[in-house]
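Here's a quick briefing to read alongside the model.

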Amino acid sequence: MLAVQLCEWGSGPEFREVPNPIPAGEELLVRVDAAGLCRSDLHVMDSGTEVFDYRLPMTLGHEVAGTVVSAGPSADSSWIGRAVVVHGIWSCGTCPNCLRGRENYCRSLVRRPDGRLAPIGNGLGYPGGLAELMLVPSERALVPTGTLDPCSAAPLADAALTAYHAIRTNSTVIDSRSVVVVVGVGGLGHLALQILRTMDVPHIIAIDSKAEAAAVAESSGAHEFYDSVSAAAQRLTTLGGADLVLDFVGAPTTTAPAASQLRNGGSLVVVGSAGGRLTAGKDVGLAAGWTVDAPFWGTRADLEAVVALAQDGLLRAEITTFPFTEAISAYDRLRNGSVTGRAVLDMSASRTRKESHQ
């Protein structure tokens, strides 16, 4: 089968032919119907040998929706034929965090003694979904999607899941009196706004430096829009500060300035990783009882929740679709910032085209 693989650190992806996978044990084989591209893929590609303990060549793709087509001898064959989205964190299932239902913080997902990061899941250490078929280790990695369109379902695996987890784990400061700020109305931020809209937050303020993000913010649930944290400062002062700031940028121009806008007991959640820094302490001039959180991805239960929101029509990612054959150029467009919303490979379109030429 054809796959998009990273073959060398610091280089771009390549199309390569690889053997069709065959499920063993509890493994299930998924026909990939749609696969999302993510800027974290670019980070992996651009990294040196000292960053990740991943074996190359590696098939990319950690946002995957598809259909189960085969099952290993120890797997539940009733999954065959079901439409699914793949939970990209392949945890051990037995460590204390996994047993607490916090498998996104599984103790097997650690740095090696040499400092390199251990494999996480599909496309991040294990063969991913930029291929015609993909193996998953067990049914624990799958969430049924029913009649959801695969291209809409794929971004739920990361963009929506990460946004939902960041909100859920800080929901103690969200109620009918809350002021919530979303910094960055991109692939994750516009989904966070939609999730907050379902929670009836009375004051949702969106911040993004791109003027075209204003319309997306409004349609996604924001009540107000500003082009920078400093531009929103006066309004936040009038409101008494923010209960929750979700920073999906995480840059020097967002993280520390956003923290200064918290009200007493407020929380700053840093999701983006663009080099922002914050000095933590009780004597650094921030509001009393402030907290900072840096969550990672989300749990399988969180993924079930975002799928349910999507099935109810309350959550939908803005996407730009590409046929599988244009995966390399799609990554180029992602890198140069010319993709609207999430980039998604429509595998079914490529499959239909391939079959029509046979």
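A pocket here is an open set of grid points, on a 1 Å grid over the protein atoms alone, with protein on both sides within 12 Å along at least five of seven lines. Keep in mind that this is a predicted model. By that definition, the second largest pocket comes out at about 280 Å³.

**The pocket**
- Its lining counts 18 residues, and the closest to the centre are Gln5, Pro57, Thr59, Tyr126 and Pro127.
- Two or more lining residues come from each of β4, β8 (125-126) and β9 (133-136), with β9 giving the largest share at 3 residues.
- Sorted by class, the lining has 13 nonpolar, 4 polar and 1 charged residues.

**The sheet**
- Three strands make an open sheet in the order β2-β1-β4, and the pairing is antiparallel.
- β2 (14-17) and β4 (58-59) are the edge strands with a single partner each, so one side of each has no neighbour in the sheet.
- Strand β1 (residues 2-6) pairs with β2 over 4 bridges, and Ala3 has Arg16 in β2 as its bridge partner.

**The cores**
- The largest nonpolar core holds 88 residues, and Val136, Leu142, Leu156, Leu196, Leu246 and Leu345 have the most contacts inside it.
- Helix α4 (residues 159-168) supplies the largest share of this core, 7 residues.
- Leaving out residues up to four places away in sequence, Leu156 touches Leu148, Leu161, Leu303, Val306, Val307, Ala310 and Leu315.
- Another core, of 18 residues, lies apart from the largest one and includes Val229, Leu236, Leu268 and Trp290.

Terms used: Residues numbered from 1 in each chain as written. Predicted model: local features only at pLDDT ≥ 70, side-chain atom pairs only at ≥ 80, totals over all residues. Heavy atoms only, no water. Core = buried A, V, L, I, M, F, W, Y, C linked by side-chain atoms within 4.5 Å. Buried < 20%, exposed > 50% of the residue type's maximum accessible area, 1.4 Å probe, protein only. Contact = heavy atoms within 4.5 Å. Pairing = 2+ DSSP bridges. 1 Å grid on protein atoms, 1.4 Å probe; cavity = no way out; pocket = protein on both sides within 12 Å on 5 of 7 lines; lining within 4 Å. Points joined across faces, edges and corners; volume = space filled by probe spheres on them. Nonpolar A, V, L, I, M, F, W, Y, C, P; charged D, E, K, R; others polar.
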